[in-house]
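I opened this notebook to record what I looked up in the structure shown below. The entries follow the order in which I consulted the model.

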Amino acid sequence: MAVFNLKSREIECKIVFYGPGRSGKTTNLEYIFKTYKKQVSDQMVTIDTEGDRTLFFDFLPMGLGKIKGCDVKVQLYTVPGQVQYSSTRKLVLKGADGIVFVADSFAIRREKNMISLRDLDQNLKECGLNIFKIPLVLQYNKRDIADIPGNTIPIMSIEELQKDLNKQLKVPYYSASALSGQGVGATLKECLKLTLVHLQKEFNWAQ
Ligand SMILES: Nc1nc2c(ncn2[C@@H]2O[C@H](COP(=O)(O)OP(=O)(O)OP(=O)(O)O)[C@@H](O)[C@H]2O)c(=O)[nH]1
Ligand SMILES: [Mg+2]
């Protein structure tokens, strides 16, 4: 839940990068950290990892400057994608104002994407939130692999990913490569836009 300070006209909101293990959530944050230096207000904090697996969360604070007279601050979080860290995911999800769901384009991860989206739905419910109402953007990651000529790794098409994950939700989606950064900024900007519009309505702060 965003913190809105009427006196100082400051708003602080939380965006959570969700998705199955190894889909590229941490890589998204790393790219944002090194690319948006002007907006990043502090170091990226990575709490507890094992190799490149997130065991707790990553955290990156950003300042977007003034929007309609309000100083907008955003906290980006990633959850640990591995199935066994369900309670940590729920903890990180608490108070989320917007979600980026990072799906893996690898065909072998098809089931894992769908399980993770169901897990998001369930955990949002337990936090008193609704997957159809919360600002949500889907990111179809690792498209760089699909674009390699002669690639032999089976990759899902955008149409297949849409059918699996976005048939009912009908939310904005982006193809991306968190590794090269393609589509990362667009995903984040869309999620920020949806989140701020949602908060404007909720708090009436743009009046
Ligand atoms: N080719 C390619 N590899 C990627 C991309 N994004 C992430 N990876 C690789 O996928 C692996 C997992 O990426 P992470 O960002 O650690 O995944 P995660 O979603 O944070 O995983 P958990 O912390 O276990 O939930 C790493 O080896 C990344 O380099 C991408 O867009 N393209
Ligand atoms: Mg991670």
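**Entry 1**

A residue is buried if 20 or more other C-beta atoms lie within 10 Å of its own, exposed if 12 or fewer, and partly exposed in between, with C-beta atoms placed from the backbone. Helices (H or I, at least four residues) and strands (E, at least two) are DSSP runs, numbered from the N terminus.

I note that this is a predicted model, in which local features need pLDDT of at least 70 and side-chain atom pairs count only at pLDDT 80 or more, while totals for chains, interfaces and linings use all residues. Residues are numbered from 1 along each chain as its sequence is written, and chains are lettered from A and ligands numbered from 1 in the order in which they are written.

**Entry 2**

I next examined β6, where seven of the seven residues are buried, so the strand is largely enclosed by the rest of the structure. Gly98, Val100, Val102 and Asp104 point one way from β6, and Ile99, Phe101 and Ala103 point the other way. For Phe101, I listed contacts (C-beta atoms, placed from the backbone, within 7 Å). Leaving out residues up to four places away in sequence, Phe101 touches Tyr18, Gly19, Leu117, Leu120, Leu136, Leu138 and Gln139.

I then checked pairing, which requires that DSSP find at least two bridges between two strands. β2 and β6 run parallel and are joined by four bridges, with Ile99 in β6 as the bridge partner of Val16. β6 and β7 pair in the parallel sense over six bridges. Across that pair, Phe101 has Leu138 as its bridge partner, and Asp104 stands opposite Asn141.

In β7 (residues 136-141), six of six residues are buried. Leu136, Leu138 and Tyr140 point one way from β7, and Val137, Gln139 and Asn141 the other way. β7 also runs parallel to β8 (residues 173-175), joined by three bridges, and Tyr140 has Ser175 as its bridge partner there.

**Entry 2: the ligand shell**

Which residues are closest to ligand 1? I found 22 residues around ligand 1, the closest being Gly24, Thr26, Thr27, Thr54 and Gly81; a residue is near a molecule if its C-beta atom, placed from the backbone, lies within 6 Å of it. The elements giving two or more residues to this shell are α1 (25-35), β4 (53-67) and α4 (143-146), and α1 gives the most, with three residues.

Eight of the 11 residues of α1 are buried, so α1 is largely enclosed by the rest of the structure. What covers those buried residues includes β2 (10-18), β4, β5 (70-78), β6 (98-104) and α6 (184-203).

**Entry 3: two loop residues**

I recorded that Arg22, in the loop between β2 and α1, has a positive phi of about 70° although it is not a glycine. Lys142, in the loop between β7 and α4, likewise has a positive phi of about 70° without being a glycine. Arg22 counts as buried because it has 20 C-beta neighbours inside 10 Å, and Lys142 counts as buried because it has 26.
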